[in-house]
Amino acid sequence: MSKIPREKTRGTGKRPGKIGRAGNDAAAEEAKITPGAMPSREVILRFIADHPQKASKREIAKAFGLKGDTRVELKHLLRDLEQEGMLQKTRKSLIRPGALPPVTVLDITTRDKDGELIGRPAEWPDDQGVAPAVAIRQTSPAGRQGKGKAPVAGMGDRVLAKIFPAADRGGPAYTARIIKVLDKRRGASMGVFRTAPGGAGRLLPIERRGEEMVIDPDYTGGAKDGDLVEVEIARLGRFGLPRAKVLSVVGSVGSEKAISMIAIHAHGIPNVFPQAVIDEAEAAEPASMSHREDWRDVPLITIDPADAKDHDDAVYAEADPSPDNADGVIVTVAIADVSYYVRPKSQLDREALKRGNSVYFPDRVVPMLPERISNDLCSLREGVDRPALAVRMVFSKEGRKIGHTFHRIMMKSAAKLSYQQAQAAIDGKPDDKTGPMLEPILKPLWNAYAVMTRGRDRRQPLELDMPERKILLKGDGTVDRVVVPPRLDAHKLIEEMMIQANVSAAETLEKKRQVLIYRVHDGPTLAKQEILREFLATLGISLAKGGNMRANNFNGILAKADGTPHQTMVNEMVLRSQSQAIYSPENIGHFGLNLMKYAHFTSPIRRYADLIVHRALVGSLGLGEGGITPEEEASLDDIAAEISTFERRAMAAERETVDRLIAHHLAGRVGEEFEGRVSGVTKSGLFVALPEYGADGFIPISTLGQDYFIYDEAHQALSGEKTGLGYRLGDSVTVKLAEAIPLAGALRFEMVSEGRAMPTAVRSFHKAGRRDNRMAARKKVGTRPPRGRR
């Protein structure tokens, strides 16, 4: 992976943060302060804005020559700025709110007047306005001798880029140097084909910013009206619409296949394995016993969803025979040894990194690895020899882990069970398969889970109650129904055993001083805590102030809301207050799980991060072939940034596909009424969820009624200025479906329910706002202009 040179400091010609007196003097001189003296808040904020690539606490201290007590003072200042919402934490640095992180994914969308490429962030929050433009620099700067050429990108490409503040304030706010061109077909677009007179056609875009195109009769490729097609631009003229040529017909827009392909295309998800990757997978030979322990007599079993096609984890538990650990248990978790087959720099490895993870749609999976690897050689099939990496963990009767060891093994799964099958056996309804396993295998597993639960209860991870919905499809690929699968103890057992295996992996690698990729989850920012605190206060629930919040603080809030009409909305607001978990070679712990050391180890078939951890374990423990390489260790920053981005890409694609499926399912029911719940309140209107379908729709504020509605962020409410009636997060409402747009996955509702009287605190807030400065006290939105501008 190419190394990116440091961008020069604006106006100084010197690199920021350079170690030594010259670097310190440069930063101090630019800020007009004495080297070694504590800079002001304004200077710190300006430095972070100008040098995002050098905006960690350590680098700021270096840049200004801070030592001893001044470094402590800097730490407190940065924490204060973060609490005030002036700064935000990224994976490894600090940025100003709304600023781009030092490494991000860009879509190259246009050119400037000089023909230079311009990109915009691939992901950008809607509430932050238009995404900033970024000028793409593709020329190799002076001083890169012998370091190779930077990757070259073109229009329509998606790239991973290093971000710098622009020196020219008259153009885009940022410049970027490309780290890597991500997989996206140049010049290819997707849309819906519509027939036109004379055998020609039109392409209706599926993306909001897409452009309609003309398709000449010779270039329709056999597409029919309503087909989802992939096209390339055939000609771009100075006038009129661009002309395109159909490359392939995906299928009718009414099919699920087409709907998931929209998401795959829109997010640039690689979904076809190159032939070289397939050839390498097919040529792979079963693993040998070299450097392996023979565990084929250990009755490890797999417990997975009933429709699972690959099985990458197996479990076994037994009582600890040691007299020093009375009533303790030994839990063994075995994970498919993917690192044996997918070696660094191989074709399989390069393709797996491009994908980052498997992506799951209602009727298909876009896998990270070819089926020969994921569903065959690395699937822990019942009764078949399979290589694995196993961890043997010992727990005391109180649920404390008192030791663990890792082993590279050859195993043979004793049984393949579904969650429901295993649970039924424990609940007294074993079948022919689980009956003989109940005493020797299943009951010891449940006993071990009971012991581990004591440790989990003491640890107190965040316990959100957010049911997950699953779409069931008919034979033709359309939606049959949406269900909420029950959460069984069998699910929780596997989950807890996997968590402890992940903890063990991180602990072992840290002890070996081996660099790795952690799974980290930062605590909620103080700004988000304050929003949550204000909201909870309207319900009479208090949230302590301070920056040392722990997961159990939030559990106390959830417990107070349990069983009340506010339970769902409190869970949603607590969820919104949380940060997003990411991958990072720097450990900050996992807030949600309340763990200090955590790394993904248990799913190397479907997550690249786990494959890296496997390689690190193999290498650091001397377990044979397939260990991590020095080149990989040096690239962990970039790898972590990439796979974190790919994870967000997969989540967005999966969510959008579900939205499109539900919108298509409801398109024929426009005008019908549905029971829903207010799932979001904004200054523009209400989001309403239909629990029966797992879908959200929007009600514009202009359609709510004749009253003038006021947005109150603290109470998460819209209330009428005259009547005091309105709607609040979590309210049960009846809505009418006004519009369904399947290709956009959008639903628009009209409110049927009358608003309810807002709490006294809300109405008092409005009155106080009218007495005082309206603009300072609240933000008013609605369908009429403010007084004096009617």
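Is Phe601 buried or exposed, and at what relative accessibility? At 0% relative accessibility, Phe601 counts as buried, where buried means under 20% relative accessible area, exposed over 50% and partly exposed in between, with a 1.4 Å probe and protein chains only.

Before I continue, a word on the model. It is a predicted one, in which local features need pLDDT of at least 70 and side-chain atom pairs count only at pLDDT 80 or more, while totals for chains, interfaces and linings use all residues. Residues are numbered from 1 along each chain as its sequence is written, and side-chain values use heavy atoms, with hydrogens and water left out.

I turn to the aromatic pairs. The structure holds 5 of them; rings of Phe, Tyr and Trp (its six-membered ring) pair if their centres lie within 6.5 Å, and planes under 30 degrees apart count as stacked, over 60 as edge-to-face and the rest as tilted. One of these is formed by Phe406 and Phe601, edge-to-face, at 5.5 Å centre to centre and with 90 degrees between the planes. This pair links distant parts of the chain, 195 residues apart: Phe406 belongs to strand E20 (residues 401-412), and Phe601 to the loop between strand E25 (582-584) and H16. Helices (H or I, at least four residues) and strands (E, at least two) are DSSP runs, numbered from the N terminus. Phe406, at 11% relative accessibility, also counts as buried.

Helix H16 (residues 608-620) packs against helix H12 (residues 489-511) at an angle of about 45 degrees, with the axes 10 Å apart. Axes are lines fitted to C-alpha atoms, for helices over the stretch in contact, and angles run from 0 to 180 degrees between N-to-C directions. H12 and H16 are therefore oblique to each other; angles under 35 degrees count as roughly parallel, over 145 as roughly antiparallel, 65 to 115 as roughly perpendicular and the rest as oblique. On the H12 side, Ala505, Thr508 and Leu509 make the contact, and on the H16 side Val613, Ala616, Leu617 and Ser620, contact meaning heavy atoms within 4.5 Å.

H10 contributes Ala422, Gln423, Ala425 and Ile426 to the contact, and H11 contributes Leu438, Leu442, Lys443 and Trp446.
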